[in-house]
There are 2 protein chains.
Amino acid sequence: MGRLADLSQITFDTESGVPLYRQLADSIRALIEHGRLQGGQRLPATRELATQLGLNRATVSAAYNMLEESGVLQGHVGRGSFVAKGAAALAEAVNPGLDWEAILPALEFGSAPAANIEINLASSRPAAANFPLAAFRRLAKEVIDSPEAETILQLGSPHGYGPLRRYLMDQAAAEGVARPSDDLLMTNGCQQALDLIARLFFAGDAARPVALESPVYHGLLRVFARAGASMIPVPVDQDGMDAEALEAAIARGNPRLAVVTPSFQNPMGTTLSLERRKRIVELAQRSGTVLIENDIYSELRYRGPALPTLKELDKAGNVILLRSYSKVSFPGLRVGWVIGPRPLIARLAESKQICDLHSDQLSQAVLLRFAQSGELAKHLQQTRVAGLRRLEAALSACEKYLPKGSSFTRPDGGMCYWIELPAPLNAENVLPRAEKRGVSYLPGTLFSNRPAHRRGLRVSFGGLTPEQITRGIKLIAEAAMEELGMLNAHSRLEPVAAIV
Amino acid sequence: MGRLADLSQITFDTESGVPLYRQLADSIRALIEHGRLQGGQRLPATRELATQLGLNRATVSAAYNMLEESGVLQGHVGRGSFVAKGAAALAEAVNPGLDWEAILPALEFGSAPAANIEINLASSRPAAANFPLAAFRRLAKEVIDSPEAETILQLGSPHGYGPLRRYLMDQAAAEGVARPSDDLLMTNGCQQALDLIARLFFAGDAARPVALESPVYHGLLRVFARAGASMIPVPVDQDGMDAEALEAAIARGNPRLAVVTPSFQNPMGTTLSLERRKRIVELAQRSGTVLIENDIYSELRYRGPALPTLKELDKAGNVILLRSYSKVSFPGLRVGWVIGPRPLIARLAESKQICDLHSDQLSQAVLLRFAQSGELAKHLQQTRVAGLRRLEAALSACEKYLPKGSSFTRPDGGMCYWIELPAPLNAENVLPRAEKRGVSYLPGTLFSNRPAHRRGLRVSFGGLTPEQITRGIKLIAEAAMEELGMLNAHSRLEPVAAIV
């Protein structure tokens with residue numbers, strides 16, 4: 001069946017910062033969409049295509065797998081991969097103008113790691129073994145037996161489940177982060193809060209950009225890319241977002257918004273210093289920039305004193321605070337919230353209503369009970385003790401194993417940190433070697449929308465034991481040193497060239 | 001304190017189809033945003049402003065209430081309404097280019113009806129008294145005690161909770177509505193499915209329009225308005241969407257999508273005939289228009305034989321099917337789904353991931369148990385028996401009480417139907433008279449994005465007893481006749497004019 005597809009003309013942009021397997025998958029998808037490959041056509045074997053294109057075979061496999069998962073290709077054991085029937089007709093009906101580059105592959109969420117990955121340092125999720133399952137069961141059953149169950153099952157308010165909203169508002173007011181003129185909107189986790197904000201502030205008007213940390217969580221990057229916002233990257237270091245760089249960015253680009261993760265930033269893990277917090281709040285007031293404070297990790301502080309939120313420091317009403325239960329309790333229950341001035345919250349609620357009417361009420365009621373009962377505080381206490389052990393294991397393993405010339409951040413909490421491999425290493429090229437050893441991570445290029453952070457990688461230590469973390473770092477270090485050896489061997493065979 | 005605000009210059013567009021209270025609220029909000037009203041300024045008393053502007057006092061109250069709810073105004077008992085401090089500063093920071101007209105007021109969802117409304121025919125929600133609360137409690141506790149609870153609490157897949165997805169796919173395949181090349185995405189109710197589809201098909205390219213029923217559910221209208229799509233209205237009658245009008249619309253406008261609610265359409269309540277179903281599917285195939293089948297009410301058939309879905313009739317892969325548990329079980333649990341060709345579902349899942357990672361898993365697991373246990377079928381059976389009684393009460397009351405020259409649709413299921421008052425009545429003008437009598441409904445102008453359906457109104461009978469429904473219709477009829485008398489009295493005082 002099916003004529004063999006010719007993919008030998010596919011080219012790659014090695015400067016784009018987009019991983020090669022994604023470039024390959026996108027090229028194949030484009031050929032299908034433009035009718036250059038037909039339903040039923042067979043694709044070259046991975047080994048064959050790898051040779052033709054000068055790629056690693058694992059890169060070709062990753063691209064094929066991604067396309068099979070999305071239904072564009074169909075794999076048949078022993079016979080190879082084929083273009084799915086009907087893939088083209090559908091692709092045609094779908095808006096061809098969509099920016100697929102802005103849409104991320106399902107790398108981090110939900111999809112199981114490759115079969116041979118024993119130590120998954122790529123996925124930023126809390127350890128299931130530490131879940132307070134017994135408390136959850138007891139409290140959830142209390143909610144279900146309570147008279148409020150009937151209310152929970154009825155259509156609710158776009159603003160969120162009333163009792164939880166009031167609880168969170170009271171708590172925020174007591175902490176000094178909410179003012180009388182503020183209101184609160186419940187969202188499906190923090191991701192939806194970001195999406196609502198991006199849509200509100202950039203709808204039909206992308207004239208002013210958004211300032212984002214660099215590197216930054218790719219889910220955040222994608223939200224603003226899709227909203228059509230242009231982005232100004234502001235570097236992050238051991239003390240969080242570089243306030244001077246933000247000042248320069250504001251002077252140069254007049255951003256409408258700046259998104260800041262003051263505590264245990266994803267992917268760097270670092271914390272914005274008190275001096276920088278004050279300066280950034282003051283900068284925002286002076287320039288009229290709205291600050292989006294992404295405060296989803298601050299409860300996960302394992303050492304050192306807590307710092308005030310930007311919202312608390314702000315006296316002008318310039319800060320919109322985002323919080324979530326996902327990182328501190330049960331990520332499968334999608335419950336986050338936004339605190340900001342009432343008119344803004346009213347508009348976000350109107351938008352939320354168009355998106356999905358309101359957030360699920362059962363989970364909101366269960367999480368309220370979890371917080372009110374004291375079980376959340378107890379769980380947080382245990383999480384902090386376990387988190388410190390993980391963090392210490394991660395940092396000592398770096399000291400001990402990483403090749404000379406490496407550097408890494410030293411967080412005081414959270415679930416991840418950042419390693420920078422020595423030049424001329426590239427964390428994307430090291431990844432297949434690490435995966436062969438059974439360990440995975442996310443390469444730094446994923447955390448920026450422009451070519452950057454090639455030597456960087458994010459290590460997520462949230463869901464693993466200290467022993468796994470230590471071993472994982474050791475294996476990454478081995479993979480890096482192997483690649484370094486290869487690079488050196490390779491450079492001996494070729495004329496010396498400048499490293500770009 | 002605060003100087004009295006001068007609102008006497010506000011003007012109204014009586015041809016716009018936008019309710020007067022909304023026009024008034026929007027004008028006041030605009031004055032605040034542009035700094036023409038300052039924080040702390042007092043607004044005229046409702047009676048005074050009604051006289052100044054020639055409005056009904058209830059209209060002014062409704063506008064003030066809406067602004068108070070969104071925090072723009074603050075009411076003080078005995079002292080009047082004031083512009084909130086800080087309202088302006090925030091309004092300025094928010095993108096002024098946003099199309100507020102495209103954003104609906106919180107009329108239908110969540111907000112409690114005005115205090116004096118005894119019979120709420122405006123809100124389309126199932127009757128809480130009929131909820132199978134005992135079964136819900138038993139099954140939810142089973143889920144919580146089961147080993148799968150641990151999985152539910154972990155971050156999940158953007159596609160949805162695996163066991164529920166498989167169950168729904170198997171069911172759809174058995175019914176003949178899903179083909180082997182199809183896939184399924186769980187969403188936060190049907191509203192999110194519409195939003196994801198609108199964003200996917202119209203992102204950055206609104207060159208081709210969307211064909212929508214007219215009148216149509218305002219939440220659906222708003223989704224496409226916000227996505228920037230231009231809209232072609234296609235009339236709906238007793239046999240559902242007018243297929244000939246759709247053919248003409250396709251010939252004229254070449255729409256990318258057509259959204260069809262074949263069963264118990266909101267607001268008309270009518271069902272697309274089999275002949276029209278076949279013709280519309282055939283039309284779509286011929287023209288390459290993608291059909292979005294909004295199939296959220298078809299399980300609520302109270303009489304007559306079931307008809308095949310468009311998805312079932314379609315042989316070309318042109319139909320995307322939307323379904324939901326919200327209308328047949330617990331609306332507070334936000335669980336809907338989309339069935340369509342795999343590549344489309346893959347793209348919607350990527351988009352869903354940017355929006356909110358994935359839908360809440362606890363509710364998905366509970367609803368799966370509810371369906372698998374047979375309790376959903378049992379509940380549906382009871383709902384249909386109760387629904388028929390309600391429907392019959394609604395229709396007989398219309399026969400009996402509506403003024404001469406009225407007409408109304410005769411649904412076979414669902415939760416609402418449509419009354420057309422005789423000329424020269426306007427359902428918006430009748431509404432305050434109805435509300436004074438303790439009954440509310442949604443005026444027809446809400447169900448279109450252009451001036452239309454002035455004489456129409458939607459009656460939702462889902463949540464009331466047959467006695468309440470009968471009394472509600474009687475009161476609406478009285479309000480209409482009172483308005484008719486006023487109109488006649490009024491017309492006697494003025495020269496006869498053509499009715500526009």
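**Sheets, helices and a chain contact in the predicted model**

In chain B of this predicted model, eight strands are arranged as an open sheet of mixed pairing, and their order across the sheet is E4-E11-E10-E9-E8-E5-E6-E7. The edges are taken by strand E4 (182-187) and strand E7 (240-241) of chain B, each of which pairs on one side only. Within this sheet, strand E10 (residues 319-324) and strand E11 (residues 336-341) of chain B are paired in the antiparallel sense over four bridges, and Arg323(B) is placed opposite Trp337(B) of E11(B).

Helices lie across strands of this sheet. Helix H7 (residues 162-175) of chain B lies across E4 and E11 of chain B, and its direction makes an angle of about 130° with E4(B). Helix H10 (residues 243-253) of chain B, in turn, lies across strand E5 (210-214), strand E6 (231-237), E7 and strand E8 (257-260) of chain B, running at about 170° to E6(B).

The loop that links strand E9 (290-294) to helix H12 (310-313) of chain B contains Glu299(B). This residue counts as buried because 21 C-beta neighbours are found inside 10 Å, where 20 or more are required. When neighbours within four places in sequence are left aside, Glu299(B) is in contact with Val328(B) and Leu380(B). The C-alpha atom of Glu299(B) is separated by 19 Å from that of Arg165(B), a residue 134 places away along the chain.

Strand E16 (residues 456-460) of chain B is mostly covered, since five of its five residues are buried. The covering extends to both faces of E16(B), with Gly456(B), Arg458(B) and Ser460(B) buried on one side and Leu457(B) and Val459(B) buried on the other.

In chain A, four strands form an open sheet with antiparallel pairing, in the order E12-E13-E16-E15. Strand E12 (407-408) and strand E15 (442-443) of chain A stand at the edges with a single partner strand each, so that one side of each is left without a neighbour in the sheet. The pairing of E15(A) with strand E16 (residues 456-460) of chain A is antiparallel and comprises two bridges; in E16(A), Arg458(A) is the bridge partner of Leu442(A).

The domain assignment of chain A gives domain 1 (20-98), domain 2 (119-128 + 378-493) and domain 3 (133-373). The C-alpha centres of domain 1 and domain 2 of chain A are 30 Å apart.

Between the chains, helix H8 (residues 189-202) of chain A packs with helix H13 (residues 342-356) of chain B, the axes being 5 Å apart and the angle about 95°. H8(A) and H13(B) are therefore roughly perpendicular to each other, as the range for that description is 65 to 115 degrees. The contact brings Gly189(A), Gln191(A), Gln192(A) and Asp195(A) of H8(A) together with Ile354(B), Cys355(B) and Asp356(B) of H13(B). Of the residues in this contact between H8(A) and H13(B), two are nonpolar, three polar and two charged.

How values were computed:
Residues are numbered from 1 along each chain as its sequence is written. Chains are lettered from A and ligands numbered from 1 in the order in which they are written. This is a predicted model: local features need pLDDT of at least 70, side-chain atom pairs count only at pLDDT 80 or more; totals for chains, interfaces and linings use all residues. A residue is buried if 20 or more other C-beta atoms lie within 10 Å of its own, exposed if 12 or fewer, and partly exposed in between; C-beta atoms are placed from the backbone. Two residues are in contact if their C-beta atoms, placed from the backbone, lie within 7 Å. Axes are lines fitted to C-alpha atoms, for helices over the stretch in contact, and angles run from 0 to 180 degrees between N-to-C directions. Angles under 35 degrees count as roughly parallel, over 145 as roughly antiparallel, 65 to 115 as roughly perpendicular and the rest as oblique. Ala, Val, Leu, Ile, Met, Phe, Trp, Tyr, Cys and Pro count as nonpolar, Asp, Glu, Lys and Arg as charged, and the others, Gly among them, as polar. Two strands pair if DSSP finds at least two bridges between them. Domain bounds come from an automatic or database domain assignment.
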